[in-house]
Amino acid sequence: MERRYHNPYRHLMGGLGIEIAVFAAVIALLVVVTLLAGLWVR
Amino acid sequence: MLCVACAVALAFGCRPAIAQPMVVADLVARGSDLDGHNIRLRGEAIGDVLRADEETVWVHVLSGGTAVGVVMDRATAETIPRLGRYRRIGSTLEIEGVFNVACDEHGGDLDVHAVSVEVLDEGSEYADPPSVWQLAISMALFALAAVAVALQRRMRRKFDAG
Amino acid sequence: MWIPLTLREVRAITHYLGVLTIGLGFAMSVPLVTAVLFGEWNPALDYLVGIAVACALGTLLMLADVTRPAISHRQAFLISPLAWLIASAVAAVPLALSGNYAGYLDAAFETVSGLTTSGLTLVQDLDHMAHSHNMWRHLTHLIGGQGIIVAAVSLAVGLKGGGAFSLYLAEGRDERILPNVVHSARFIWVVTAIWVLVGTVVLGVANLVQGMAFSRAGLHAFWITVAAYDTGGFAPQSLSTMYYRSGVFELLTVFLMLAGAMNFNLHADLWRGDYREIFKNIEARTLFGNMAILAGFAGAGLAATHFYSANSELLRKGLYHIISANTGTGHQTLYAGQWKDLGSVAFFAVILAMAFGGMVSSTAGGIKSLRVGVILKSILLEVRRMLSPDSAAVRTSFHHLTDRELTPQLVSTALTVFVIYIATYLAGGLIGAAYGYNLDAALFESISATANVGLSTGITSPTMPTGLKVTYMVLMWAGRLEFFTLMALGFAIVISLRPKRIVR
């Protein structure tokens, strides 16, 4: 598959939105993992 | 026997802390030894008054090169005349309070919950006057740069011409 | 064959170093304006001197070659490390004059740390520092994080010939985002501008809610945003992000750190509307998986010590540092002396997080998750080979922007860089230990410097031995440029000075 180089500014707001949503999901995952690990040890 | 020894050690360990105001750097260095103890602290109030909850605020106190967060009533914090920053030495405070090495109430921060706060010194503003030699040096350097630019133009004209 | 540099090549390199030095002088106008706005007249003169030094040195260096030379691939690889060196040296001038540093070396340590987005600091009395000096400290993160050369290329400052892309590569950026390198560099700045704008507004509001005055709230928000997004780690107060005493504030900085650890190509793909890329990308998967495993260890380790009893403390003292370390940021909500309180499991989880680092083509440092992902894939491939019938040709592919086949060449490159990083981490740790520090603390600090993180166990202080200061400066510089550029410079100097013995 050839890399596409088209305009990276076209979905700027959508891209920013998805970035923030993904980060929120990742942080939520990390929070759950940390707390579960903590609970398991306690 | 061991318990008695520990109790005695603890009792004597915290008594001098109460008697003599501590420096923040020592407080932080001793950490767990003093956890939960009453301590007396002396240092300069710096930075901002930051909200902790409805009634209490954070004031940061600096001494020995280290700062610590002190939780106190909003009303008490408002009586502090100066908070240290650039060109301003904050008020010197003497704080009596409870030291927590990992405060459960405040996200595990190392902090002090103030019982009493005394302003020992109002603090002061100080000037940071500009030095003339710096102006002189920069002018000289700018002149040097101007000469270099002129030289470059001449060399470039010579190069372009032939 | 090793080919020594010609005088003509050296002159062209010197010329472009001059151009970059002048560019850095222009950047100093930002703290100069800040100083004037806040009436900080003495710091204003510090920046005037800084600009004058940059202009004088820059114009003199430019005299080396007035023919507007084009630069070749190999010259580009020599300009880059030298540009970082000279930029650090010039950027340190106003800080050395500020009175907040023990001397010029400490100020230079600060600018190396700032430009490489490390965040280790030798500042003294930070809580009384002028706004303009803080502005410059944090601006070094912004200039260095996006790349000194990227900054120059995006403005297309006097660079001619095919050298621009080589310069871009030489700075540890291995892929172009757009066909045109100038457009790629500008894209990096657009992403940065948008994230910095969003971060400043959001953190500014958080600061106002906390009760800070308007101008201070805004300035602190901008500085912390730049430091977190550029995965730098400087902060305007000595207590780093602990100063703000707010879980919400810390959460917001975590978003910025993650954004900063993202490959600019990934930003580009998402902004092109290709939302699936972030789920398929080997780098993103490895980074998030890696953080999850280490967060688990940190949570378990921290809970086992019973030092922190509330759940929120596991997050704010454990998880926060895993993310801060893994993204290479280095914002800290603990005192330097408190790492021992975390217990050895959480402590080593943070060390590993620092060592692995963020994504390639981001502002993060460390081994980087693309390489870790490639190495993991190749381990899986070996196992699959063992388990498959003799006649089968076992292949595997991975997705990084496009689908790629895992070739021995890719694996070998990833492993080479991996090995160099590990060796450097250990060597730095040994040097620290040789100066009399505990080996675990020395290892922590060495990895923090090499991976451009900036978390500190307290070894980095104005009173540390001069030799160790220089060691960490070299580690930060080498880590940021990913070693090879630096080795190229070293070899070029050696073969050019001693041509007869080495060149055959």
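At what angle do α4(C) and helix α21 of chain C pack, and how far apart are their axes? In this predicted model, the angle between α4(C) and α21(C), the latter spanning residues 484-497, is about 105°, and their axes lie 9 Å apart. Angles of 65 to 115 degrees count as roughly perpendicular, and α4(C) and α21(C) are therefore roughly perpendicular to each other. On the α4(C) side, the residues involved are F77(C), L78(C), S80(C), P81(C) and L82(C), which meet T485(C), L486(C), A488(C), L489(C) and A492(C) of α21(C). Sorted by class, this helix contact holds eight nonpolar and two polar residues, with no charged ones.

For V61(B), leaving aside residues up to four places away in sequence, the residues touched include V24(B), L41(B), A45(B), V68(B), L93(B) and I95(B), along with G43(B) and E44(B).

The contact between chains B and C draws on 43 residues from chain B and 44 residues from chain C. On the chain B side, two or more residues each come from α2 (24-30), β1 (38-51), β2 (56-63), β3 (66-73) and α4 (132-161) of chain B. Of these elements, α4(B) gives the most, with 15 residues. The chain B residues that touch chain C comprise 25 nonpolar, eleven polar and seven charged.

Note on methods: Residues numbered from 1 in each chain as written. Chains lettered and ligands numbered in written order. Predicted model: local features only at pLDDT ≥ 70, side-chain atom pairs only at ≥ 80, totals over all residues. Contact = placed C-beta atoms within 7 Å. Helix = DSSP H or I, 4+ residues; strand = E, 2+ residues; numbered from the N terminus. Nonpolar A, V, L, I, M, F, W, Y, C, P; charged D, E, K, R; others polar. Axes fitted to C-alpha atoms, helices over the stretch in contact; angles between N-to-C directions. Parallel < 35°, antiparallel > 145°, perpendicular 65-115°, else oblique.
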